Amino acid sequence: MEFRQLEAFVNAVKYKSFSRAADATFLSQPTISAHVSNLESELGVLLFHRNGREITLTPQGREFYPYATSLLNTRAKALLSVHGGSGELSGILDIQTSTIPGQYLLPRLMKGFHEKNPKVRFYVEQSDSRNVNENLLNQKGELGFTGYKGNSGLAYEPVFTDDMVLITPDEPCYADYKNGDKMPAEMFLKCPFILREEGSGTKEEMEKALVDGKAVFKNVAVVARMNHMETIKQAVSLGLGVSIVSELAVRHCAESEGLRYFKIEGLKKKRIFYLTYNKNRCLSPAAEEFLTFVKREARAVQEGSYCQV
């Protein structure tokens, strides 16, 4: 069993195809396919179902994947150690992320980390908090950003906090309030609401939020459910309804997107975003260094977050 075979297998899993794995690692598709086939021959099992361009793991492949990543990460740590920790970090950092940190925080973190570690590349998959937790439990991805704690098998490091705010269309009825002002809940609870999908950390936190001790958001009139933050903001700006979102999503771009945003009187709950990883997985040196970097730089990155328009 050779490390190049393990690398080809792990990258094929990450990129879900031999051709994309080849592009990401600057190898040819036949080379990736040959490495995986040789590994399968040595193990005596099929690791992938091959259905045209798509590949999926067999049960044996799913069983083998965490061992393959652990072997590669142990090798990387050994090489770094024999060089006194002075070697340059390299490799692909596989990150799972939910919507808010993925859109408004992670790009700045990646840029800052890449400036210090130019040989590290990133593979980022964005979904919702529930999927982030499930993927990391299934050994898919090394690190994740999520809006709520989902399983005792994962470690959760709180790295960002944020307020939940109401967003509305930019209409005259809100003219007495400035963006960021507090608004009484009575002014908007009868409005139609646009909510995030099941599995969203924002939705989860909204349903648990109390205004003056009451769970007022559980019985709002829902006009639509959406799984994309930019679509929600556009729908609100057009007057379809109002929504509760993370302040990070609108703080710097509300006016340019035809939105208003307000804090809610009596709502004291803050959102917490976590950097999470599987407790049973050996992290790569790049992942360990990124974890340390995020915990150190998170505050500065959050204060400098912005919307691109």
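Q: Why does T168 count as buried?
A: In this predicted model, T168 has a relative accessibility of 0%. Buried means under 20% relative accessible area, exposed over 50% and partly exposed in between, with a 1.4 Å probe and protein chains only. T168 therefore counts as buried.

Q: Which residues does T168 touch, and where does T168 lie?
A: T168 lies in strand 6, residues 154–169; strands (E, at least two residues) and helices (H or I, at least four) are DSSP runs, numbered from the N terminus. Leaving aside residues up to four places away in sequence, T168 touches Y174, V236, V242, G258, L259, R260 and F262. Contact means heavy atoms within 4.5 Å.

Q: What makes helix 1 roughly perpendicular to helix 3?
A: Helix 1 (residues 3–15) and helix 3 (residues 29–43) pack at an angle of about 110°, and their axes are 8 Å apart. Angles of 65 to 115 degrees count as roughly perpendicular, under 35 as roughly parallel, over 145 as roughly antiparallel and the rest as oblique. Helix 1 is therefore roughly perpendicular to helix 3. Among the residues making the contact are L6 and F9 of helix 1 and I32 and V36 of helix 3.

Q: How many of the residues of the protein chain count as buried?
A: Of its 309 residues, 50% count as buried. The secondary structure of the protein chain comprises 10 helices and 12 strands.

Q: On what basis are the residues and values given?
A: Residues are numbered from 1 along each chain as its sequence is written, and side-chain values use heavy atoms, leaving out hydrogens and water. As this is a predicted model, local features need pLDDT of at least 70 and side-chain atom pairs count only at pLDDT 80 or more, while totals for chains, interfaces and linings use all residues.

Technical notes
Axes are lines fitted to C-alpha atoms, for helices over the stretch in contact, and angles run from 0 to 180 degrees between N-to-C directions.
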